[in-house]
Amino acid sequence: MHPHFFHWHKRAEFKPDPNILEPRWKAAQNLAQNLPAADFASLLNVVLFPGTDLIFVDKLSEEIVKLEPTFEPTGNAELVRVMATAIAYTMMDSYSSRADVVSLGLQAAAFPPDRVDPVCAEIMERAFDYLAQESERVRPEVKSEETEGRLTELNDLVDAKAVESTENVSTIIAENVVNLGGSVERLIEENQFLWWLVGKQSSLFKCRREKLKPDAYALVAAVEAEDRVILMPPAASVEALIDDAVAQCHAGKNLDCSLAHYAEESATALEKAEAQPPAVSQLTPIHSVRAQVASGAKVDKGFLKSLRLPPKLEVPAEIAARQYFHEVIFLRALRELIG
């Protein structure tokens with residue numbers, strides 16, 4: 001149980017009973033293991049935005065009451081948010097695709113950072129810590145001597161006479177391929193990003209970046225970067241590479257622009273390359289703006305308010321690119337989890 005779980009409760013209950021904390025945390029752990037993938041977006045909305053997904057709030061409340069009978073069954077929206085936070089937090093206790101989705105979703109939604117209103121700071125801190133740790137764990141350090149030795153052993157096994165049986169050959173090859181797996185995928189991923197940056201070419205616009213305007217390329221850069229990610233979650237260094245790619249655009253000044261402007265400028269290039277999954281409520285603000293622009297509707301103050309975005313929000317191209325990368329990588333992880 002998180003040591004501050006009592007204080008999370010104080011946001012919803014003036015004097016929470018300490019005796020209920022352990023049973024409720026266990027209920028959260030149970031729900032974290034069994035929550036359907038289709039409900040992850042709703043869970044994150046409840047964690048981050050008061051007053052959203054009320055149908056899911058009622059559904060989750062019913063499930064909590066089944067596991068912890070002292071939980072108030074009605075009039076408990078803020079208390080459900082506390083439990084939703086505990087569910088999301090416990091999902092990130094161990095490395096998994098479910099934890100990837102939760103952490104990536106929390107990251108994607110926090111734009112600008114003060115747009116979200118979680119019941120505690122710890123949930124966002126845990127998400128960023130998880131992403132930093134897991135992105136390193138899935139990318140093992142490439143040790144040239146060790147890799148060379150494994151490749152040499154594999155090469156020697158081509159001659160079946162060097163081992164006792166064909167079955168033995170298969171076993172040893174399988175073991176070495178598994179050992180090399182993470183290193184090889186890391187090398188392929190790094191190589192793809194290296195050529196993407198050094199080549200100074202946009203694969204979607206099919207021209208050199210120096211001929212592009214930063215505002216036109218920003219969201220496209222995010223999609224091109226996402227396409228080169230092999231291991232999930234992505235390495236933190238990808239954001240710096242996106243900055244460098246956008247900086248290679250010299251056809252116009254890099255001015256702060258609205259999200260609608262970035263969506264309009266990149267519309268043609270992205271329509272050809274990017275599938276159009278529905279925006280996941282408020283978790284993907286730029287994707288939601290893109291969907292609004294694509295529908296022909298106005299991105300006015302009312303629409304921006306519905307997304308909890310400042311009406312006059314303008315950001316540099318590299319910030320828009322980073323944020324859209326967060327969103328498309330989250331949507332990819334969610335899509336893969338749902339199947």
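Residues are numbered from 1 along each chain as its sequence is written, and side-chain values use heavy atoms, with hydrogens and water left out. In this predicted model, local features need pLDDT of at least 70 and side-chain atom pairs count only at pLDDT 80 or more, while totals for chains, interfaces and linings use all residues.

Student: What span should helix α7 have, at 1.5 Å a residue?
Tutor: Helices are DSSP runs (H or I, at least four residues), numbered from the N terminus. Helix α7 has 16 residues, 122–137. The expected span is 1.5 Å times one less than the number of residues.

Student: Which helices do the buried residues of α7 pack against?
Tutor: Buried means under 20% relative accessible area, with a 1.4 Å probe and protein chains only. The buried residues of α7 include I123, M124 and L131. Contact means heavy atoms within 4.5 Å. The buried residues of α7 pack against α1 (5–10), α3 (40–48), α5 (77–91) and α6 (97–109).

Student: Is α3 roughly perpendicular or oblique to α4?
Tutor: Axes are lines fitted to C-alpha atoms, for helices over the stretch in contact, and angles run from 0 to 180 degrees between N-to-C directions. The axes of α3 and α4 (residues 54–67) are 10 Å apart, at an angle of about 95°. Angles under 35 degrees count as roughly parallel, over 145 as roughly antiparallel, 65 to 115 as roughly perpendicular and the rest as oblique. Therefore α3 is, relative to α4, roughly perpendicular.

Student: Which residues of α3 and α4 make the contact?
Tutor: The two helices pack with their axes 10 Å apart. From α3 come S42, L43 and V46, and from α4 come F56, V57 and L60.

Student: How do α3 and α6 lie, oblique or roughly perpendicular?
Tutor: The axes of α3 and α6 come within 10 Å and cross at roughly 45°. That angle is why α3 is, relative to α6, oblique.

Student: Is T90 buried or exposed?
Tutor: T90 lies in helix α5. Not counting residues up to four places away in sequence, T90 touches W25, A28, Q29 and A32. Its relative accessibility is 8%, so T90 counts as buried.

Student: Which residues is Q248 in contact with, leaving aside its neighbours within four places in sequence?
Tutor: Q248 sits in the loop between α11 (237–247) and α12 (259–273). Q248 is buried, with a relative accessible area of 14%. Beyond those sequence neighbours, Q248 is in contact with L197, K200, R209 and E210.

Technical notes
Buried < 20%, exposed > 50% of the residue type's maximum accessible area, 1.4 Å probe, protein only.
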